[in-house]
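Please look over the sequence and the structure before reading the report that follows.

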Amino acid sequence: MANIVNVDPLKKILKQYSKNLFWVFGSNKIINKIANFQKTNILILMYHRVLPKSEIKNDYAYLTVELERFEKQIKNISQYYLPTSLKDFEKFKSHSSKRPRIIITFDDGYVDNMTYALPILKKYNVPATIYISTSYPDGNGDVWWYEIIDIVNDNQEICIIFDNHQYYFSLKNHQEKIDAGIKIINMFLSMDHIAQSRLLNAIRNSDKSLTKYCKHKYRSYNSLFLNWDEVRILSKEPLITIGAHAHNHYNLSKLDRDVLIKEISHSKCRLEKETGISIEHFAYPFGGDGFVGKREYEIVKQLGFKTSVTTYSYKLKTTTSNFQLPRYAISRFFDERNLERGLHPKFWKN
Ligand SMILES: [Zn+2]
């Protein structure tokens, strides 16, 4: 990631005039105070999964952090930062403290959030928000990204017939598997959920052995996610805030407006019904360029949420909308020593 230091344009202009204004105000400390009014030192971190090293397989989507390293990160966060609950975001958004605040979030609702991450969070008393796509605890959500990775890894070749085109991939070595995996995942990301479903069926049905294999494998993906009993247990944990992540994990920007509203509102209602608590925080599935925009920000606001988070990693300001909050993604490549050095401001894109 490029290390680009943020230059606040208002601060630049005010500093240019600070010499003249010095004679009016008597001190440029006041000018700096005004110029810094947009500053906030809250960082929101995005995690997906936490697993022991021995259980991490084919993490090509960079979703998993090793358990031992997660503990180091949480320990550093508790030591060098003020771990903060998303529930208190509004209270601290305009506050400036010497130690930056860090808000931890997890997307999708993987079961390891409870089995592996929660004990570490409790050990260091660090709060976190878990955003759940409700089709997963309902037991009928598509997890095409894991299915594609498994198919590519477990086969020597694949020939997909889709929309009158034939796509052949040789999968004989590691590099071929990575290249094919990236190409197929990019095909999925460019499609709406209806086309994705057709493509997934085309892949599953591309030959008889693959169809049998997919029927067997498909059942196992549900076990990756929290079930409703587990969501209810988490919702009662004082350190955990439950948020919504839409019902299905669709690209929201490709949905018609009425379907989009249903996708978001259904996840809120479903979570509220199962947990008995008010769901006030939302995370956009995929959450970045090509997946979310003005229409989605407005609808989430209208549906009564207090905040929603993206996957954009620009720097948070007091003027940033609560419905397009940036986050810094943590993958297994993240070096936890960075947390000792402080993440501000070199980790932010602009
Ligand atoms: Zn997600």
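## A pair of helices

A crossing of two helices is called left-handed if the near helix is turned anticlockwise from the far one by less than a right angle, and right-handed if it is turned clockwise. In this predicted model, the crossing of α4 and α6 is right-handed. The axes of helix α4, residues 67-80, and helix α6, residues 112-123, come within 10 Å and cross at roughly 30 degrees. Because angles under 35 degrees count as roughly parallel, α4 is described as roughly parallel to α6.

On the side of α4, the contact is made by L67, F70, E71 and I74, while α6 contributes Y116, A117, I120 and L121. The residues of this contact of α4 with α6 divide into 7 nonpolar and 1 charged, with no polar residue among them.

## Two loop residues with positive phi

N164 is found in the loop between β7 (157-162) and β8 (165-170), and its phi is near 65 degrees, a positive value in a residue other than glycine. N164 is exposed, since 5 other C-beta atoms lie within 10 Å.

A246 is found in the loop between β9 (240-244) and α12 (257-275), and phi of A246, a residue other than glycine, is positive as well, near 70 degrees. A246 is buried, with 27 other C-beta atoms within 10 Å.

K236 lies in the loop between α11 (228-235) and β9, and with 11 C-beta neighbours inside 10 Å it counts as exposed. The C-alpha atoms of K236 and T275 are separated by 8.5 Å, although these residues are 39 residues apart along the chain.

Methods:
Residues numbered from 1 in each chain as written. Predicted model: local features only at pLDDT ≥ 70, side-chain atom pairs only at ≥ 80, totals over all residues. Helix = DSSP H or I, 4+ residues; strand = E, 2+ residues; numbered from the N terminus. Buried ≥ 20, exposed ≤ 12 C-beta atoms within 10 Å, placed from the backbone. Axes fitted to C-alpha atoms, helices over the stretch in contact; angles between N-to-C directions. Parallel < 35°, antiparallel > 145°, perpendicular 65-115°, else oblique. Contact = placed C-beta atoms within 7 Å. Nonpolar A, V, L, I, M, F, W, Y, C, P; charged D, E, K, R; others polar.
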